[in-house]
Amino acid sequence: MQNNIRTRIAPSPTGALHVGTARSALFNFVYARKFGGAFILRIEDTDTLRSRREYENEIKAALEWLGLAWDEFYRQSERTELYERQLHRLHDDGAMYWCPHTIEELGAERAAQSEAKAPPVHQCEFRDAERGADGDGVFRFKNTADGDIVFDDLIRGEIRTRADLVGDFSIAKDFKTPLYNFAVVVDDAEMNVSHVIRGEDHISNTPKQLLLQQALGFGRPAYAHLPLVLGRDRSKLSKRDGETSLLEYKEQGYVPEALVNFMALLGWHPAGDTDVFELDALIRDFELERVGKAGAVFDIEKLNWLNREHIRMRDVEKLARELEFFVPQWSDAIAADPERWRKIVETAQERLTTLASMGEQTRWAWETPDYDTELLSWKGQEERPAIARHLTAIREKLSLLEDWSSSSVEAALRPYADAEGRGAVLWPFRVALSGEKNSPGPFELAYALGKDETLARINHAITHCT
RNA sequence: GCUCCUAUCGUCUAGUCCGGUCUAGGACGUCAGGUUCUCAUCCUGAAAACUCGGGUUCGAAUCCCGAUGGGAGCGCCA
């Protein structure tokens, strides 16, 4: 196993953690863990106007929720001396210059180039001028490379770009305000990042960063560009496609294991036919070589299925604790009888798609059933006296029952139900307990409700019929 | 407009590097049956794809060329 693997996720705190960014974080984390390396969280907050600390906190919370613990943490806004020093080095080498053009001028130039079918590259007449930062303008890297800029992508193979098409790109607003491409290069080198694993929307930034690395005398990390996460319309996932903020999924009742599983499947697949797996297995089986090249559509149906699967695999006690958050209206009842709550959770567990559906899924547990008497009738064909007779028989058998479990209740009633007709007996029994047309089975309900409540609800139903 | 990336069922994908075992496999979803007092689950089954055109070859989803489609980037954002 290699030990010098260092990966990073570098979000900018200008919004919540995006699903695409979270997926990149996951792959970086997994890759680092697999080789016993370090996973770095670097907040790219050089854009002081848009960066906000509350977003940074949200991003951290989301990563923690997913279980992606970082080993090192940095904030670019706290590293300005470093960038300044490197900026001066470039400046002293004559590798950058001050471009005084306004944004309007640059926009006009680009429009003209588009019109003339020319490549959109800024031709600055000041690239050889000796002048510092003043007024409008920006520092640009003086790109003197010729031929192709080539790098080997771990996922895509060789990628080459014509150097003259890269042009003189901006690297800083002034000596104290570096721009993205510059800060990234300095940080990746300074942090000894060994593998840059990021979205494919960064492919076109890579040649610029390569040029900068060379000019500064830095080494080159390995690159792996992930396919993009796409929306229904196959364009980059956006708000229109539903939630793009990871924490939103938490609030909607998705479990982190499902998100991790789902995001891993967006572009990667284990060698076998397994679709359901957890982080440990992902770390064990992950291979960058098995990451696909084409964009992957975010399919909420598959996420829902995975969420169901992971909820079903969950430890009941743990699930019970997580579920409490989603039924605040019953927190007192839960605190009063935690054992009962655990039984309710047990009954609901395999029926939950999201944790948030717990409320409607277990209304029967908290509210006294309120139903029309007709609902007690199996297929609307049983008359009231018959229903009352069945319920009375059930009451008699159950009141004698000592050991109260789903299977003992079933064993006590099965012969009678078989003799009288299962539907005719079990349907009114279940409705008496749940008050619902659709609900978990009567034996499970009886178990979760407990003997006293079960008998009380049966009595209530009997009075309905007489 | 320029550049780059990309292309297997509706969706995620296996297979592509090392051509034949692929009448293309799995999963989600869909549909149909079955189990079940109901719903959900569960079980069985079905429909569903190699973008197109050339070439190489005895043979191509797999190799080569071209076209087309899709995506991304082109910022004094990251």
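Trainee: Is the crossing in which H6 passes H7 left-handed or right-handed, and what is the handedness called here?

Mentor: Please keep in mind that this is a predicted model. H6 passes H7 in a right-handed crossing.

Trainee: How does one describe such a pair in general?

Mentor: Two packed helices are described by the angle between their axes and by the distance between those axes. In this case, the axes of helix H6 (residues 180-190) and helix H7 (residues 206-216) come within 9 Å and cross at roughly 60°. H6 and H7 are therefore oblique to each other.

Trainee: Which residues of H6 and H7 meet?

Mentor: From H6 come Asn181, Phe182, Val184, Val185 and Ala189, and they meet Lys208, Gln209, Leu212, Gln213 and Leu216 in H7. Sorted by class, this contact of H6 with H7 has 6 nonpolar, 3 polar and 1 charged residues.

Trainee: At what angle do the axes of H17 and H18 cross?

Mentor: For helix H17 (residues 384-399) and helix H18 (residues 406-420), the axes cross at roughly 150° and come within 10 Å. An angle over 145 degrees counts as roughly antiparallel, and H17 and H18 are therefore roughly antiparallel to each other. H17 passes H18 in a right-handed crossing. On the H17 side the contact is made by His390, Ala393, Ile394, Lys397 and Leu398, and on the H18 side by Val409, Ala412, Leu413, Tyr416 and Glu420. These residues divide into 7 nonpolar, 1 polar and 2 charged.

Trainee: How many nonpolar, polar and charged residues does the surface near RNA strand B have?

Mentor: By class, that surface has 21 nonpolar, 19 polar and 24 charged residues.

Trainee: How should I read the overall form of chain A?

Mentor: One may begin with the secondary structure, which comes to 21 helices and 13 strands in chain A. The next step is the radius of gyration: chain A has 31 Å, whereas a compact globule of 466 residues would have one near 23 Å. Along its principal axes, the C-alpha trace of chain A spans about 100 × 50 × 40 Å.

Notes: Residues numbered from 1 in each chain as written. Chains lettered and ligands numbered in written order. Predicted model: local features only at pLDDT ≥ 70, side-chain atom pairs only at ≥ 80, totals over all residues. Axes fitted to C-alpha atoms, helices over the stretch in contact; angles between N-to-C directions. Helix = DSSP H or I, 4+ residues; strand = E, 2+ residues; numbered from the N terminus. Parallel < 35°, antiparallel > 145°, perpendicular 65-115°, else oblique. Left-handed = near helix turned anticlockwise from the far one by under 90°. Contact = placed C-beta atoms within 7 Å. Nonpolar A, V, L, I, M, F, W, Y, C, P; charged D, E, K, R; others polar. Rg over C-alpha atoms; globule rule 2.2 N^0.38 Å.
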